[in-house]
Amino acid sequence: MKHLIILFSALLLVACKKDKETVSGSTPADSTNIVKDSAATNISSGKILIENISFPEEIKECSCYFARNKADFEAEKYIYADDAGKTAYMKLDGKRLAMNLISSSDMEVDEELTKEIESNDYKISVKGKKIKGEEALLFEGTLTIEKPDGSVITTPIYGECGC
């Protein structure tokens, strides 16, 4: 029995020594190196990219459309457009989206504009105050976008609604 234990210990020692040599041949890991877990690489950085869109061909009559500011609006650099009833259009995170309008306020009542838009990936809120009224109504306000991961971005908007 003693011989078996000595033989087993010798085999174990040789097996451990072989593993140790293999490990010592590899480059040592630096403590500042960060190993990325594949499950964690899909987590959003918290940023939402809002890109300019051309005026949607789908919109034929009444609409609301907004840019980031008055200069962009005059240069037709829109970031949001809707058909004043059913569908809102934006380009977010590199994708042109057509999203459902959930609710929209009656602008004639209190001269304030509110819209709620939802898709699978975004929840969007538009809030504005009427600044001028002619045939088309000019508005200034904010556009807030939320993602399911908790990312939120708010940007100022300037634009109009009209027919």
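This is a predicted model: local features need pLDDT of at least 70, side-chain atom pairs count only at pLDDT 80 or more; totals for chains, interfaces and linings use all residues.
Aspartate 72 belongs to helix α2, which covers residues 70–74. Although buried, aspartate 72 takes part in no salt bridge. The nearest side chain of opposite charge is that of lysine 77, at 4.5 Å. Once neighbours within four places in sequence are set aside, aspartate 72 is in contact with Ala67 and Lys77.

The aromatic residues come next. A pair of aromatic rings is described by the distance of the centres and the angle of the planes. The model holds 7 aromatic pairs. One of them joins tyrosine 65 to phenylalanine 73 in a stacked arrangement, with 5.8 Å from centre to centre and 15 degrees between the planes. Tyrosine 65 is buried at 14% relative accessibility, and phenylalanine 73 is buried with a relative accessible area of 12%.

Tyrosine 65 also pairs with tyrosine 78, here edge-to-face, with the centres 5.1 Å apart and the planes at 75 degrees. Tyrosine 65 is part of strand β2 (residues 63–67) and tyrosine 78 of strand β3 (residues 78–82), so this pair ties together parts that lie 13 residues apart in sequence. Tyrosine 78 is likewise buried, its relative accessible area being 8%.

Tyr65, Phe73 and Tyr78 are among the members of one aromatic cluster, which also includes Phe55 and Tyr158.

Terms used: Residues are numbered from 1 along each chain as its sequence is written. Side-chain values use heavy atoms; hydrogens and water are left out. Helices (H or I, at least four residues) and strands (E, at least two) are DSSP runs, numbered from the N terminus. Buried means under 20% relative accessible area, exposed over 50%, partly exposed in between (1.4 Å probe, protein chains only). Lys and Arg count as positive and Asp and Glu as negative; His and the chain ends are not counted. A salt bridge is a side-chain nitrogen of Lys or Arg within 4 Å of a carboxyl oxygen of Asp or Glu. Contact means heavy atoms within 4.5 Å. Rings of Phe, Tyr and Trp (its six-membered ring) pair if their centres lie within 6.5 Å; planes under 30 degrees apart count as stacked, over 60 as edge-to-face and the rest as tilted.
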